[in-house]
Amino acid sequence: MAIDTLFKGGKVVTDSSTFRADVAVSGGRITQIAQSIKPDAATSVVGCRGKLVLPGAIDAHTHLAMPFGGTISTDDYETGTRAAACGGTTTVFDFILQDFGEPFPDAIARRDAIAAPQACVDYSFHIGVKDVSGKLLHSMADAVKAGVPSFKVFMVYDFGVSDGVFYEVLDHSKSIGALIGVHAENNDLVNYFTEKYVREKKLSAWYHYLSRPEAVEGEADVRAINLAKAAGAPLYIVHLANAQGMEAVTRARAEGLPVFAETCPQYLHFTSDVYKRPDGRNFVCSPPMKGKASQRALWEGIANGAVSTVATDHCPFLKKEKDWGKADFRKIPNGCAGIENMYPYMLSEANKGRISYNKAVEVCATNVAKIFGLAHRKGAIEIGRDADIVVYDPKARVTIENKNMHGATDHTIWEGVALKGYPEQTWSRGRLVYKDGKFLGEKGAGAFVACKPIHLSSPDLNNL
Ligand code: URP
Ligand code: ZN
Ligand code: ZN
């Protein structure tokens, strides 16, 4: 087969090795990886000397155009995936929120009808579970058959589920090849603290943090792990942000339990101190950023493998919407932008020496594909996988400014953060979608990618 594109002379980074090689792409797939590959007459050659050749990141956690907090998150599937492409992310897992009474396959169809004409890079879904009454529980299996085997339950928010429903979903997941994710915070404690601070007229953004401090999340993490253990089911904890939870995950994994933790760049970079800032409301998300000890525990978890993935929880809102809560933290829509910043930030931390590039690739791409049944297509520079490729310039120096970002949000919590190195080019299934600060992709060119059922016996999950 003729070579369409040849990435020549770069250093290929996988989750476990780094080596000098050329990478050939034909028909949107990686077809050869070798020391020296000769281009065909019509091959377009991408010179990669001095650059790293990486798999595109997979963002395991986004909320695009999601009705939430009295509004709709600012980025839709077009602007969100455009921003993703410009930050080296070539696949996003977006959260569908099931409607009450809605069978899960209908939820997929409802959201895919919106996503398909808009997406600039490939996407898949998780489904946020609200209702498993009657026949709905059994419609989970139909979602798995449709290529969406991952579900998330919320222990908080007005649509959160009881521990009984959580257990029921965990128990059911085992027989249908599904993985249950959880947003773990103790709802009763959140309500208790919130009511207390409202009574005391303490309503600044700092009290968002104090109403959901370390123990609120840690207790729920421990409980979620206990429920998964009791059900004999695997568990994926989303946006883990605290040390007690990290310890619980580490202990569970040492016992051999299939518990996977995801954290987010905002928890790795910021601490709860941001809520004391005059613009603290812009950082309001749940769970909130925690103290330094939690941040240290998360970085340790990344280093020792207790954290399996890093994802954004991208859920942006406009400044004017964040301002609803200027005088009352309860009115601030929860969530922050990050879809364009995750891979550049994690790679910059690698470039600065905190982690290896291999680790950044592992947590931002390879492990995500393995856990969510996507390793047949995505997550590695490997023959046969989609040519989702990032050419990374370790010498670039970029300070993040919202005016240079490619989403629809009018501010970013990452403003002013200095990065060492930056993605120079992003390729999605062999198509150039980003180069030198410019989006070059196309609305609607991204496609839904079906995930395989998630079984613990799969070789991908065995050694994670
Ligand atoms: O604050 C957040 N994280 N907003 C998005 C919804 C969620 O809980 O993931
Ligand atoms: Zn959540
Ligand atoms: Zn989320």
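**Zinc, ligand and core**

Visitor: How far is a polar side-chain atom of histidine 183 from an oxygen atom of ligand 1?
Guide: This is a predicted model, so the value is computed from its atoms. Histidine 183 reaches ligand 1 with a polar side-chain atom. The distance to the ligand's oxygen is 2.9 Å.

Visitor: How much of the accessible area of ligand 1 does the protein cover?
Guide: On its own, ligand 1 has 270 Å² of accessible area. Histidine 63 has a side-chain N or O atom 3.1 Å from a ligand oxygen. Lysine 152 also places a polar side-chain atom 3.1 Å from an oxygen of ligand 1.

Visitor: Which residues come nearest to ligand 1?
Guide: There are 13 residues around ligand 1. The nearest are Tyr157, His183, Ser286, Asp313 and Asn334.

Visitor: Which protein atoms are donors of the zinc ion (ligand 2)?
Guide: The donors lie 2.1 to 2.6 Å from the zinc ion (ligand 2). Along the chain they follow the spacing K-x30-H-x55-H. They are Lys152 (NZ), His183 (ND1) and His239 (NE2).

Visitor: How many residues apart in sequence are the parts tied together by lysine 152 and histidine 183?
Guide: Both residues are buried. Lysine 152 sits in strand E11 (residues 150-154), and histidine 183 in strand E12 (residues 179-183). The pair therefore ties together parts whose separation in sequence is 31 residues.

Visitor: Is histidine 269 buried, partly exposed or exposed?
Guide: Histidine 269 lies in helix H9 (residues 265-269). Its relative accessibility is 32%. Buried would need under 20%, and exposed over 50%. Histidine 269 therefore counts as partly exposed.

Visitor: Which side chain forms a polar contact of 3.3 Å with that of histidine 269?
Guide: Leaving aside neighbours within four places in sequence, histidine 269 is in contact with Gln295, Tyr345, Trp414 and Val417. The polar partner at 3.3 Å is tyrosine 345.

Visitor: Which residues have the most contacts inside the largest nonpolar core?
Guide: That core has 117 residues. Helix H7 (residues 214-231) gives the largest share, seven residues. A second, separate core has 18 residues, including Ile58 and Val368. Inside the largest core, the residues with the most contacts are Phe151, Phe166 and Met346.

Terms used
Residues are numbered from 1 along each chain as its sequence is written. Chains are lettered from A and ligands numbered from 1 in the order in which they are written. This is a predicted model: local features need pLDDT of at least 70, side-chain atom pairs count only at pLDDT 80 or more; totals for chains, interfaces and linings use all residues. Side-chain values use heavy atoms; hydrogens and water are left out. Donors are N, O and S atoms within 2.8 Å of the metal (3.2 Å for Na, K and Ca); water is not among the atoms, so sites may look incomplete. Helices (H or I, at least four residues) and strands (E, at least two) are DSSP runs, numbered from the N terminus. Buried means under 20% relative accessible area, exposed over 50%, partly exposed in between (1.4 Å probe, protein chains only). Contact means heavy atoms within 4.5 Å. A polar contact is a pair of N or O atoms within 3.5 Å; within protein, one must be able to donate a hydrogen and the other to accept it, and residues adjacent in sequence count only if both atoms are side-chain atoms. A residue is near a molecule or strand if one of its heavy atoms lies within 4 Å of it. Accessible areas come from the Shrake-Rupley method with a 1.4 Å probe; for residues, only the protein chains shown count as cover. A nonpolar core is a set of buried Ala, Val, Leu, Ile, Met, Phe, Trp, Tyr and Cys residues joined through side-chain atoms within 4.5 Å.
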